[in-house]
Amino acid sequence: MKIGVIAANGKAGKLITEEAINRGLDVTAIVRNENKTVATQSIIKDIFDLTTEDLTQFDVVVDAFGEIREDKLHLHQDSIQHLSDILSNTNTRLIIIGGAGSLYVDDQLENQLFDTPDFPEVFKPLAKAQGKALVDLRKRDDVRWTFISPAAEFIADG
């Protein structure tokens, strides 16, 4: 299986890349700058410069892109929209690494974890941005997508 990992130099991206290689998969790191992963293959491009031709060579594209700066949180929606557009009506599966705050807490899929009273205020802007991206993604039926919400306390190095 051929896998491309976007933001492979990041915390989650490095772990995903390493795990996939350890499982014997054919992995390409997709990074903005120099490849700092264990992957021997790489595409060096900004996420917004990626094209259909760049990504349809893969069975699966894992999007581990993340942004925590409040003035850049819109990039979660923007990047998922871009990736969805270029993978529209292709056979490539898009797996997006989101966050726990985007999880739904009701059967009607109306309330997300960040809506609950005990959700930490400091994480609400990021969680809401990821939640909006998920809401937009759920409207798409032209992309083979999966949105993964890791645990609230994701400790990449431990």
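This is a predicted model: local features need pLDDT of at least 70, side-chain atom pairs count only at pLDDT 80 or more; totals for chains, interfaces and linings use all residues.
1. Six strands form an open sheet in the order S3-S2-S1-S4-S5-S6, and the pairing is parallel. The edge positions go to S3 (41–44) and S6 (144–148); each has a single partner strand, so one side of each is left without a neighbour in the sheet. Going from one strand to the next, the twist averages 20 degrees.

2. If you want to trace S2 (residues 26–31) on screen, use its two partners. With S3 it pairs in the parallel sense over four bridges, and Ala-29 stands opposite Ser-42 of S3. With S1 the pairing is again parallel, over five bridges. A handy landmark there is Lys-2, whose bridge partner in S2 is Asp-26.

3. Further along the sheet, look at S4 and S5. These two strands pair in the parallel sense over four bridges, and Val-62 sits opposite Ile-95 in S5. Four of the five residues of S5 are buried, so this strand is largely enclosed by the rest of the structure.

4. Next, the helices lying across the sheet. Helix H1 (residues 11–22) lies across S1 (2–6), S2, S4 (60–63) and S5 (93–97), and runs at about 165 degrees to S1. Helix H3 (residues 74–87) lies across S1, S4, S5 and S6, at about 170 degrees to S5.

5. While you're on H3, have a look at Ser-84, which is found in that helix. Is Ser-84 buried or exposed? Its relative accessible area is 1%, so Ser-84 counts as buried. What is Ser-84 in contact with, leaving aside its neighbours within four places in sequence? The list is Leu-94, Leu-137, Arg-140 and Val-143.

6. On to empty space inside the protein. Rolling a probe the size of a water molecule over the atoms shows where empty space is left. Searching the whole structure turns up one cavity of 30 Å³ or more, and the volume of the largest cavity is about 60 Å³.

7. Which residues line the largest cavity? They are Asp-63, Phe-65, His-76, Ser-79, Ile-80, Ile-96, Ile-97, Gly-98, Gln-130, Ala-133 and Phe-147. The elements giving two or more residues to this lining are H3, S5 and helix H4 (124–138). H3 gives the most, with three residues. Sorted by class, the lining has six nonpolar, four polar and one charged residues.

8. Pro-120 and Gly-101 are 19 residues apart in sequence, and their C-alpha atoms are 9.7 Å apart in space.

Conventions: Residues are numbered from 1 along each chain as its sequence is written. Side-chain values use heavy atoms; hydrogens and water are left out. Two strands pair if DSSP finds at least two bridges between them. Axes are lines fitted to C-alpha atoms, for helices over the stretch in contact, and angles run from 0 to 180 degrees between N-to-C directions. Contact means heavy atoms within 4.5 Å. On a 1 Å grid over the protein atoms alone, a cavity is a set of points where a 1.4 Å probe fits but cannot get out, and a pocket is an open set with protein on both sides within 12 Å along at least five of seven lines; lining residues have an atom within 4 Å of a point. Grid points are joined across faces, edges and corners, and a volume is the space filled by probe spheres set on the points. Ala, Val, Leu, Ile, Met, Phe, Trp, Tyr, Cys and Pro count as nonpolar, Asp, Glu, Lys and Arg as charged, and the others, Gly among them, as polar. Buried means under 20% relative accessible area, exposed over 50%, partly exposed in between (1.4 Å probe, protein chains only).
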